Amino acid sequence: MPTRPLPHDPYANAVMAALNAEGLLNAANSWTAYDSDDGEVMMMETVINLDEDRARAAGYDHGVTLLWNHTRGGWEYGPAQYDGHLQYVAELITGAPVAEPSDLVRAARILLDPNANLAALPITGTTRPPAPTLPPLLQAVLDEGEVEEEMARDLSAYA
């Protein structure tokens, strides 16, 4: 995780804590960022690598990665290749751009189960009620026009 707080860190931290509690997280290779994608749009991003041993046991020789950014509207996943790039990216959770951490645990369990049918993905996610007020970092990105109000409110549930 970065040393400076990012607007979506509380949410990313909640997701990573839930995955870690279940032994599903490769914390050393998971991170958040808030950067420009091409010099025009600021993007909140979370990249979570799942436990390498469990990923290999499930048939992902080079691991599996969960991806979130607020501009794509939700969670995706992709199996890694030997060079670290993803073979493909597919939808992981629908219906909830800021899905509950327990939804991520449920989806990760499907990915890491060697006997699971990936046709069970994507799963339908749920969201928490927003906080009564936006925390300062989310208010700032909303004021700057970098995030839509609904996304800021959804993220506020984790502030």
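Among contacts in the chain between residues at least 6 apart in sequence, 54% join residues at least 24 apart. The structure is a predicted model, and the values below are computed from it.

The chain holds 5 helices and 7 strands. Along the sequence they follow the pattern α-β-β-α-β-β-β-β-α-β-α-α. The radius of gyration is 15 Å, close to the 15 Å that the globule rule gives for 159 residues, so the chain is as compact as a globular protein of that length. Along the principal axes, the C-alpha atoms fill a box of roughly 45 × 30 × 25 Å.

Of the 159 residues, 44% count as buried. The accessible surface comes to about 8,000 Å², and carbon and sulfur atoms account for 47% of that area.

Aromatic rings come next. A search of the whole structure finds 5 aromatic pairs. In one of them, the ring centres of Tyr 11 and Tyr 158 are 4.8 Å apart and the planes stand at 55°, so this pair is tilted. Tyr 11 belongs to helix 1 (residues 9-21), while Tyr 158 lies in the segment after helix 5 (149-156), so the pair ties together parts that are 147 residues apart in sequence. Ring pairs also bring in two tryptophans: Tyr 11, Trp 68, Trp 75 and Tyr 158 are linked into a cluster.

| Residue | Relative accessible area | Class |
|---|---|---|
| Tyr 11 | 1% | buried |
| Tyr 158 | 8% | buried |

Both entries count as buried because the relative accessible area of a buried residue is under 20%: Tyr 11 is at 1% and Tyr 158 is at 8%.

Helix 5 precedes the segment that holds Tyr 158. The buried residues of this helix are Met 151, Ala 152, Asp 154, Leu 155 and Ser 156. In an α-helix there are 3.6 residues a turn, so residues three or four places apart point the same way. The partners of the buried residues of helix 5 are helix 1, strand 2 (42-49), strand 3 (64-69) and helix 4 (136-143).

Terms used. Residues are numbered from 1 along each chain as its sequence is written. This is a predicted model: local features need pLDDT of at least 70, side-chain atom pairs count only at pLDDT 80 or more; totals for chains, interfaces and linings use all residues. Side-chain values use heavy atoms; hydrogens and water are left out. Rings of Phe, Tyr and Trp (its six-membered ring) pair if their centres lie within 6.5 Å; planes under 30 degrees apart count as stacked, over 60 as edge-to-face and the rest as tilted. Helices (H or I, at least four residues) and strands (E, at least two) are DSSP runs, numbered from the N terminus. Buried means under 20% relative accessible area, exposed over 50%, partly exposed in between (1.4 Å probe, protein chains only). The radius of gyration is taken over C-alpha atoms; the globule rule is 2.2 Å times the number of residues to the power 0.38. Contact means heavy atoms within 4.5 Å. Accessible areas come from the Shrake-Rupley method with a 1.4 Å probe; for residues, only the protein chains shown count as cover.
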